[in-house]
Amino acid sequence: MEDSVLNSNSNSQSNNRQTVPFNDAKIIIGLEVHVQLDTDSKLFCGCSTRFGEAANSQTCVVCTGMPGALPVINQRALELSIRTGLSLNCRIARSTKWDRKNYFYPDLPKGYQISQFDQPICGPGHLDIQTTEASGQPRRIRIERAHLEEDAGKSIHDESNDRQSSKIDLNRTGTPLLEIVTYPDIRTAAEAKAFLSELKLILNYIDVSDCNMQQGNLRCDANVNLHIPLRGQQIATPIVEIKNLNSFRAVERSITFEAQRQFEGWQENGVTIADAPKQTRGWNDHTQMTTLQREKEDSADYRYFPDPDLIAVKIEETQIKQIRSQLVQLPAILRELLVKEYNLKPDDAAVIVSQGRGVVDYFLTVADGCENSRVANNWIGQEVLRHLNESNQTIQQYPVSHQQFTELLKLVIAGTLDQTRGKEVLNAMVEHSISSEEAIKQLGIKSVDNSELVTLCETLMDENQNVVEQIRSGNEKAIGMLIGKARKKNPNANPGLVKAMLSKMITG
Ligand SMILES: [Zn+2]
């Protein structure tokens with residue numbers, strides 16, 4: 001009897017759940033981003049942080065946790081953390097301390113990680129991101145904190161050997177990581193990607209990290225759950241932390257997958273945040289699914305306690321002021337500058353700024369030099385970026401200096417070179433690392449004087465009387481045929497001038 005009552009009851013709840021459409025569920029996302037700071041040495045010892053060296057060649061008694069070894073703080077790591085915090089509008093702590101987070105992993109031989117538990121170096125801040133929302137308004141993602149900690153090493157499992165053999169590389173053990181934690185303000189997978197892109201761009205601009213995701217210098221954990229409206233109530237699904245995402249694509253796809261998985265799980269079993277602890281899942285790139293790793297430890301499981309080997313760090317107001325005074329202009333400011341002062345479309349400005357500070361500087365110098373920001377944007381946005389992309393070069397390696405590029409654009413703007421010839425000249429400049437003047441000479445480009453133009457147009461009219469008739473009888477487009485022929489007869493003749501002269505001579 002009792003069974004049947006329970007069943008009917010749970011069936012009716014289940015029916016209720018089945019009627020909720022997925023689109024009614026709100027996705028709640030918070031990110032924890034681990035950034036490897038660009039220091040020469042590790043956080044608490046002098047070992048090098050260089051990537052790709054022979055395994056275990058960059059270790060010492062401190063980073064391998066030998067008894068009695070004493071850590072010393074890397075001042076550069078503190079400075080880069082403060083610079084990051086200021087760029088993310090964070091409050092910088094005047095006093096910050098170090099805590100041991102105890103856990104056992106073979107790639108962390110000390111048995112604990114030095115981290116910051118209750119006094120992180122950076123307090124609350126925020127980052128505004130551009131979204132595709134119709135309002136066009138940026139979305140503010142609040143940052144809860146950013147704290148410094150040391151990285152662990154790497155376990156290398158030889159899967160070909162059926163995991164019979166596992167090796168350990170401790171070169172990465174002890175490299176400085178800044179962990180940036182957001183509030184759960186992110187609502188879509190696309191927003192998560194936008195946040196990470198903007199954060200990565202800022203970190204590049206302020207020279208804090210190269211953010212090389214393949215090398216693991218920017219990694220991300222995503223905390224995801226759903227808020228689902230049901231009969232006037234808000235139901236929350238258990239929180240899942242997806243660990244170690246190392247590409248934007250993995251972040252986007254794993255969140256999308258996880259939202260759907262949680263929704264279907266809830267429809268099936270009705271389990272909510274009150275019924276289940278936080279869970280850790282991993283993302284599998286091959287299956288495109290998340291898989292259960294473990295029920296998440298909470299902070300009590302780590303038995304945090306202050307590290308007795310390290311004293312608290314005092315940060316002086318003067319130090320913060322000094323770092324603030326050296327901050328470069330951030331991407332958001334530069335996008336605004338390009339739109340407001342240089343009249344670029346927002347999308348064009350975003351493309352230039354996304355290429356890094358070097359391309360922005362190149363653009364600004366060329367735009368100022370040729371006094372035409374639209375032309376500068378067209379040429380840099382298309383020709384220069386295409387070349388850099390194809391040759392996998394940076395703007396610093398581009399063979400055409402900004403002075404030479406400016407000279408070329410001046411000739412294009414003045415009409416001395418048309419677009420097609422201009423591009424031929426640019427290609428020669430890139431290929432042979434020569435000036436526009438030399439390229440023009442090399443290509444045999446000469447200016448054509450007025451009497452030559454008149455003779456050219458007369459010859460064209462004589463030789464193409466049927467086309468001339470078509471133009472006279474109102475088919476203006478037919479003039480294109482004559483311009484094509486003019487180019488063959490004299491490639492130096494400016495097509496714009498030829499066209500103007502022909503129209504005048506034919507239709508008066
Ligand atoms: Zn070391």
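Please keep in mind that the model is a predicted one. The domain assignment of the protein gives three entries: domain 1 (16–313), domain 2 (329–442) and domain 3 (450–507).

**Domain layout**
- Taken over C-alpha atoms, the centres of domain 1 and domain 3 are 67 Å apart.

- Helix 7 spans residues 346–354, and its buried residues are Asp 348, Ala 349, Ile 352 and Val 353.
- These residues sit on the same side of helix 7, because the arc they cover around the axis is only 130°.
- If you look at what covers the buried residues of helix 7, you will find, among others, helix 6 (331–340), helix 8 (357–370) and helix 9 (373–391).
- After helix 7 comes Gly 356, which has a positive phi, near 105°.

**Arg 91 in its loop**
- You can find Arg 91 in the loop that runs between helix 2 (75–87) and strand 2 (95–96).
- Is Arg 91 buried or exposed? Arg 91 counts as exposed because it has 12 C-beta neighbours inside 10 Å, and a residue with 12 or fewer is classed that way.
- Leaving aside residues up to four places away in sequence, Arg 91 touches Gly 123, Pro 124 and Gly 125.
- For a sense of distance, Arg 91 and Ser 433 lie 342 residues apart along the chain, and their C-alpha atoms are separated by 49 Å.

Technical notes:
Residues numbered from 1 in each chain as written. Predicted model: local features only at pLDDT ≥ 70, side-chain atom pairs only at ≥ 80, totals over all residues. Buried ≥ 20, exposed ≤ 12 C-beta atoms within 10 Å, placed from the backbone. Helix = DSSP H or I, 4+ residues; strand = E, 2+ residues; numbered from the N terminus. Arc of directions from axis to C-beta. Contact = placed C-beta atoms within 7 Å. Domains from an automatic or database assignment.
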